[in-house]
Amino acid sequence: MKNVSFIISTLLLIVLMSSKPAFCQENGTPAKSDSLSKLFSQITFGLSEIISFVAGYHIDRNNSIGLKQGAVWVSNKDFFLLPNSGSTIGIKYSRLFNYDFFLKQVNLSISAIYSVGIDKASFPVNTFVKGFVIECTTSNKINYKKGFSFIYELGFLATQLKGRKLLFWPSLKIGTNFNF
């Protein structure tokens, strides 16, 4: 659990350090965040992460952070050929880069697996966290205007269930983003 709190603390520190322009503007420059939609929600469907919901906040035009709920494929040691689903809850951080490429945004999400599908008997009843998921993807630029936009993500996902080996999965997702 110390490692997870270290990772979350580091992620939050990166967010605060990279969002300095949002907190201290120069006196002569008007803030461009007036037209920025601050709140957003996303729903995505994918290959390794079956479905995910994100509710978040745009810190500035380059950074956003959100709470994430999802369902991922995790492997079962007895039925390794059959994927086993797990429910997750966590945080997602997104950073936009100004490249002339169709994948302009890097996303990092860290989640805890709190429920598993067919392998419930192998975990103690009193254990809430049954494992962890770390996902790193790159995606198209999110539209910051109010309303809907189409999103897609490509990357990798790592799952670690307690007492099991670390597994890596490809991550390919499509979905929609709504800015409030």
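**Aromatic rings in a predicted model**

The count of aromatic pairs comes to four, where rings of Phe, Tyr and Trp (its six-membered ring) pair if their centres lie within 6.5 Å, and planes under 30 degrees apart count as stacked, over 60 as edge-to-face and the rest as tilted. This is a predicted model, in which local features need pLDDT of at least 70 and side-chain atom pairs count only at pLDDT 80 or more, while totals for chains, interfaces and linings use all residues. Residues are numbered from 1 along each chain as its sequence is written, and side-chain values use heavy atoms, with hydrogens and water left out.

Ring pairs
- One of the pairs, Phe 148 with Phe 178, is tilted, at 4.7 Å centre to centre and 50° between the planes.
- Phe 148 lies in strand β7 (residues 147-161) and Phe 178 in strand β8 (residues 167-179), so this pair ties together parts that are 30 residues apart in sequence; strands (E, at least two residues) are DSSP runs, numbered from the N terminus.
- Phe 178 also pairs with Phe 180, edge-to-face, with 4.8 Å centre to centre and 85° between the planes.
- Phe 148, Phe 178 and Phe 180 form one aromatic cluster.

Accessibility
- Phe 148 counts as exposed at 63% relative accessibility, given that exposed means over 50% relative accessible area, buried under 20% and partly exposed in between (1.4 Å probe, protein chains only).
- Phe 178 is partly exposed at 23%, and Phe 180 is partly exposed at 47%.

Charge over a ring
- The charged end of Arg 95 sits over the ring of Phe 97, 5.5 Å from its centre, a description used if NZ of Lys or CZ of Arg is within 6 Å of the ring centre and within 35 degrees of the ring normal.

Note on methods
Helix = DSSP H or I, 4+ residues; strand = E, 2+ residues; numbered from the N terminus.
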